[in-house]
Amino acid sequence: MNFLPVLFIFLEILSLVFYKRFYFFVYSFAAMLEKTAGKVRVIKFDLLGLFFIGYYLFHLLFLFYCVYLMFQPKWEPGCMLLLLATAESYAVKAEIKGLYRQAANGCKYPKLIFKFFISSLTIFILLNLL
């Protein structure tokens, strides 16, 4: 089980580098899924789109790992990781002033300093699990 924290550290570094693209992908993917009356839509994914879907599947695995850690005798790291994972998306969704930016196309994403702070805390907790 020691390989999972290393995988999630790599995943967190990846999300720190591409965080604007991840939020734009989710924003545009939600717009693609809106229903239009009487029209059939074909959604075509390129390699980058498949990469983002794979990233989100690994992120779902990370959330399950956090829940698994919460049911261990030492439950604090799992609880903190789960709270940190939700803090970033909550700050954007709730539009907390000073923690998010809105692009010209309407896509909202967290500010870099907030994303860096949340990612560094997550990496610190994952390093302590090794």
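Modeller: First, a definition: buried means under 20% relative accessible area, exposed means over 50%, and partly exposed lies in between (1.4 Å probe, protein chains only). This is a predicted model, in which local features need pLDDT of at least 70, side-chain atom pairs count only at pLDDT 80 or more, and totals for chains, interfaces and linings use all residues. Residues are numbered from 1 along each chain as its sequence is written, and side-chain values use heavy atoms, with hydrogens and water left out.

Now the overall layout. The protein has 5 helices and 2 strands. These are DSSP runs, numbered from the N terminus (helices: H or I, at least four residues; strands: E, at least two). Along the sequence, the pattern reads α-α-α-α-β-β-α. The C-alpha atoms fill a box of roughly 55 × 30 × 25 Å along the principal axes. Of the 130 residues, 29% count as buried. Contact means heavy atoms within 4.5 Å. Take the contacts between residues at least 6 apart in sequence: 63% of them join residues at least 24 apart.

The part to look at is the packing of helix 4 on helix 5. Two packed helices are described by the angle between their axes and the distance between those axes. Axes are lines fitted to C-alpha atoms, for helices over the stretch in contact, and angles run from 0 to 180 degrees between N-to-C directions. Helix 4 covers residues 76-93, and helix 5 covers residues 112-128. Their angle is about 165°, and their axes are 10 Å apart. Helix 4 and helix 5 are therefore roughly antiparallel. That word applies to angles over 145 degrees; under 35 is roughly parallel, 65 to 115 roughly perpendicular, and the rest oblique. The crossing of helix 4 with helix 5 is left-handed. In a left-handed crossing, the near helix is turned anticlockwise from the far one by less than a right angle; clockwise makes it right-handed.

Which residues meet? Helix 4 brings P77, M80, L81, L84, A87, E88 and A91, while helix 5 brings F114, K115, I118, L121, T122, I125 and L126. By class, this contact has 11 nonpolar, 1 polar and 2 charged residues. Nonpolar covers Ala, Val, Leu, Ile, Met, Phe, Trp, Tyr, Cys and Pro; charged covers Asp, Glu, Lys and Arg; the others, Gly among them, are polar.

Zoom in on K115 in helix 5. K115 is buried, at a relative accessible area of 3%. The side chains of K115 and E88 are joined by a polar contact of 2.9 Å. A polar contact is a pair of N or O atoms within 3.5 Å; within protein, one must be able to donate a hydrogen and the other to accept it, and residues adjacent in sequence count only if both atoms are side-chain atoms. Leave aside neighbours within four places in sequence. K115 then contacts E12, S15, L16, Y19, E88 and P110. E88 touches Y23, P110, F114, K115 and I118.

Helix 4 has another partner. Helix 3 (residues 47-70) packs against helix 4 at about 145°, with axes 7 Å apart. Here F62, L63, C66, L69 and M70 of helix 3 meet G78, C79, L81, L82 and A85 of helix 4. That contact has 9 nonpolar residues, 1 polar and no charged. L61 also lies in helix 3. L61 is partly exposed, at 37% relative accessible area.
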